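Please open the structure in your viewer and keep the selection panel at hand.

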Amino acid sequence: MGRRILNDALRSMVNAERRGKASVELKPISTVISSFLKIMKDRGYIKDFQVYDPHRVGRITVQLQGRIKDCRALTYRQDVKAKDIEDYRLKTLPTHQWGYVVVTTPEGVLDHEEAIKRNVGGQVLGYFH
């Protein structure tokens, strides 16, 4: 169920970007969505996001920047070893120049570059470019 919530949130962001909206509100939320958005913000794909009332159903308001072409969560669990992350990225992302695969690891939710640097594997959450 958690990956479905993440996928719905990411698809809402992509649809709002395609319509030219400046912001989008995501409901329901989870900590995984917040972690995914933090990576997107650090990599410059969104401007900012605000979490409102995280202890209840809550909502997140995301300020869009217009850089997201596609963003998806994988609804099936796929384990990837640290040495196989780069091969997975090349297979998944459409270009070699940009885009990030997001992996949940024992050290937290990381993008593929950080996971390779720390030499940890985990489960693939999704990707964005």
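Into which domains is the chain divided? Select residues 1-64 for domain 1, and then residues 71-128 for domain 2. Please bear in mind throughout that this is a predicted model. With each domain coloured separately, note that the C-alpha centres of domain 1 and domain 2 lie 19 Å apart.

**The interface**

Next, display the residues where the domains meet. On one side, 13 residues of domain 1 are in contact with 21 residues of domain 2. The area buried between domain 1 and domain 2 is about 1,500 Å², and carbon and sulfur atoms give 66% of this area. Now select Arg-3, Ile-39 and Arg-43 in domain 1. These residues supply 45% of the area that domain 1 buries against domain 2, more than any other three residues.

How many salt bridges does the rule find across the interface of domain 1 and domain 2? There are 2 salt bridges between the two domains.

Turn next to the helices α1 (2-18) and α2 (31-42). Each of them supplies at least two residues of the side of domain 1 that touches domain 2. The most comes from α1, which gives 6 residues to this side of domain 1. If you colour the residues of this side by type, you will find 8 nonpolar, 2 polar and 3 charged.

**Aromatic rings**

The count of aromatic pairs comes to 4. To view one of them, select Phe-36 and Phe-128, which form an edge-to-face pair. The ring centres are 5.9 Å apart, and the angle between the planes is 65°. Because Phe-36 lies in helix α2 and Phe-128 in strand β8 (residues 122-128), the pair ties together parts that are 92 residues apart in sequence.

**Two backbone details**

A general point prepares the last two stops: most residues other than glycine have a negative phi, and most peptide bonds are trans.

Select Lys-27 and Pro-28 and display the backbone. The peptide bond that joins Lys-27 and Pro-28 is cis, with an omega of about -15°. Pro-28 is found in the loop between β1 (23-26) and α2.

Finally, where does Asn-119 lie? Asn-119 is in the loop between α4 (112-118) and β8. Although Asn-119 is not a glycine, its phi is positive, at about 60°.

Technical notes. Residues numbered from 1 in each chain as written. Predicted model: local features only at pLDDT ≥ 70, side-chain atom pairs only at ≥ 80, totals over all residues. Heavy atoms only, no water. Domains from an automatic or database assignment. Contact = heavy atoms within 4.5 Å. Buried area = accessible area lost by both parts, 1.4 Å probe. Salt bridge = Lys/Arg side-chain N within 4 Å of Asp/Glu carboxyl O. Helix = DSSP H or I, 4+ residues; strand = E, 2+ residues; numbered from the N terminus. Nonpolar A, V, L, I, M, F, W, Y, C, P; charged D, E, K, R; others polar. Phe/Tyr/Trp six-rings, centres within 6.5 Å; stacked < 30°, edge-to-face > 60°.
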